[in-house]
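Grab your viewer and try each task before you read its solution.

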Amino acid sequence: MATINYQFSDGHYEEIEVTEEFKREYELLERKGLRWRWKIKQQKYRAGIGCKFDLSLDWMQEYGQEPHSTFPDPLDALIQKDERKRYRNSIKKKLTARQWQVYELFHFKHYKKVEIAKMLHISEKAVRERLLNAEKRI
């Protein structure tokens, strides 16, 4: 447990015990000068207005405080994008142009078989056959 020097609504200060995580967040708010917002919410909550103090992720992002553990690393996002591209290209190499066209629309762009048939001006049976043959080749 940690302690913080908290100013109550009547103006007096008192040391209170809080968790380490809460202390870190409170110190961040204090440094950024945003403690007043949290304090007002606490006062309203105590007064029974029904407003809870807000240290949610949305609020933290709104004021530029991003918890590092919950956001993906940009490098990881690039690596995943590159892996998806390689995966799609490996599938594309194994299929004919017509099979790839149907396979891409169905699996990657999430069109229904009926919609694909209308777009390509072919029967729904032809779409099913192309998908079946494509999956056999993969």
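**Before you start.** This is a predicted model, where local features need pLDDT of at least 70, side-chain atom pairs count only at pLDDT 80 or more, and totals for chains, interfaces and linings use all residues. Residues are numbered from 1 along each chain as its sequence is written, and side-chain values use heavy atoms, with hydrogens and water left out.

**Exercise 1. Work out which pattern the protein chain follows along the sequence.**

Step 1: collect the DSSP runs, taking helices as H or I of at least four residues and strands as E of at least two, numbered from the N terminus. You get seven helices and two strands.

Step 2: The pattern reads β-β-α-α-α-α-α-α-α.

Step 3: check burial, where buried is under 20% relative accessible area, exposed over 50% and partly exposed in between (1.4 Å probe, protein chains only). Of the 138 residues in the protein chain, 25% are buried.

**Exercise 2. Find which residues of helix 7 are buried, and decide where they sit around the axis of helix 7.**

Step 1: size up the helix. Helix 7 has 14 residues and spans 20 Å from first C-alpha to last, close to the expected 20 Å (1.5 Å times one less than the number of residues).

Step 2: list the buried ones: Ala126, Val127, Arg130, Leu131 and Ala134.

Step 3: look down the axis of helix 7. The buried residues fall within an arc of 135°, so they line one face (the arc is taken over directions from the helix axis to the C-beta atoms).

**Exercise 3. Describe how helix 5 and helix 7 pack.**

Step 1: get the geometry. Helix 5 (residues 97-108) and helix 7 (residues 124-137) meet at about 95°, with axes 9 Å apart. Axes are lines fitted to C-alpha atoms, for helices over the stretch in contact, and angles run from 0 to 180 degrees between N-to-C directions.

Step 2: classify it. The two helices are therefore roughly perpendicular (65 to 115 degrees).

Step 3: list the contact residues (heavy atoms within 4.5 Å). Helix 5 brings Arg98, Gln99, Val102, Tyr103, Phe106 and His107, while helix 7 brings Val127, Arg130, Leu131, Asn133, Ala134, Glu135 and Arg137.

Definitions and conventions: Angles under 35 degrees count as roughly parallel, over 145 as roughly antiparallel, 65 to 115 as roughly perpendicular and the rest as oblique.
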